Amino acid sequence: MERLIESGSFEETFLLGKQLGQSIREGTVICLYGDLGSGKTVLAKGLGEGLGVTDTMTSPTFTLIQEYSTKIDGLKLIHMDLYRLRYPEEAEIIGVADYFRDDCVCLLEWPEIIVDLLPEDRLEIRIQGSGDQTRLIMLNF
């Protein structure tokens, strides 16, 4: 199933992420595509709020993987930024696929590098636009 949403602001993108977080189920893998400055981190922060993350969420560009507790007992939000990886083998070495389990919601930015490691059952979100442009956000379940 595919759904297209238009976002005209930071707040709308954040709210979409929050609504997704409130309705997402355990074990979901979310692949987030978009250019630099498209709003991936804004959507990620909204998703975290929807899941009940109370820690301040930051982009894991340099740490690669950030783990957050949620309001759902035992459920973790795993936020990965794979932008700096050059080869799929690097993702295997750092254990990306080890997080694809029922006690985690995994949010992956720049998942293109690991397409062969991704589970078939995943949510793909593509954001088009940057800067002051309206964003087109495509959800593919």
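Author: The face of α1 turned away from its buried side carries E11, Q22 and S23, which are exposed (over 50% relative accessible area; buried is under 20%, partly exposed in between, with a 1.4 Å probe and protein chains only). This is a predicted model, where local features need pLDDT of at least 70, side-chain atom pairs count only at pLDDT 80 or more, and totals for chains, interfaces and linings use all residues. Residues are numbered from 1 along each chain as its sequence is written, and side-chain values use heavy atoms, without hydrogens and water.

Reader: Which residues of α1 are buried?

Author: T13, L16, G17, L20 and G21 are the buried residues of α1. They lie on the same side of α1, because they cover an arc of only 135° around the axis (taken from the directions from the helix axis to the C-beta atoms).

Reader: What covers the buried residues of α1?

Author: Contact means heavy atoms within 4.5 Å. The cover of α1 includes β1 (2–7), α2, β6 and β7 (135–140).

Reader: How many of the 12 residues of α2 are buried?

Author: Nine are, so α2 is largely enclosed by the rest of the structure. Among them are K40, V42, L43 and A44. What covers the buried residues of α2 includes α1 (10–23), β2 (29–34), β4 (76–81), β5 (104–109) and β6 (123–128).

Note on methods
Helix = DSSP H or I, 4+ residues; strand = E, 2+ residues; numbered from the N terminus.
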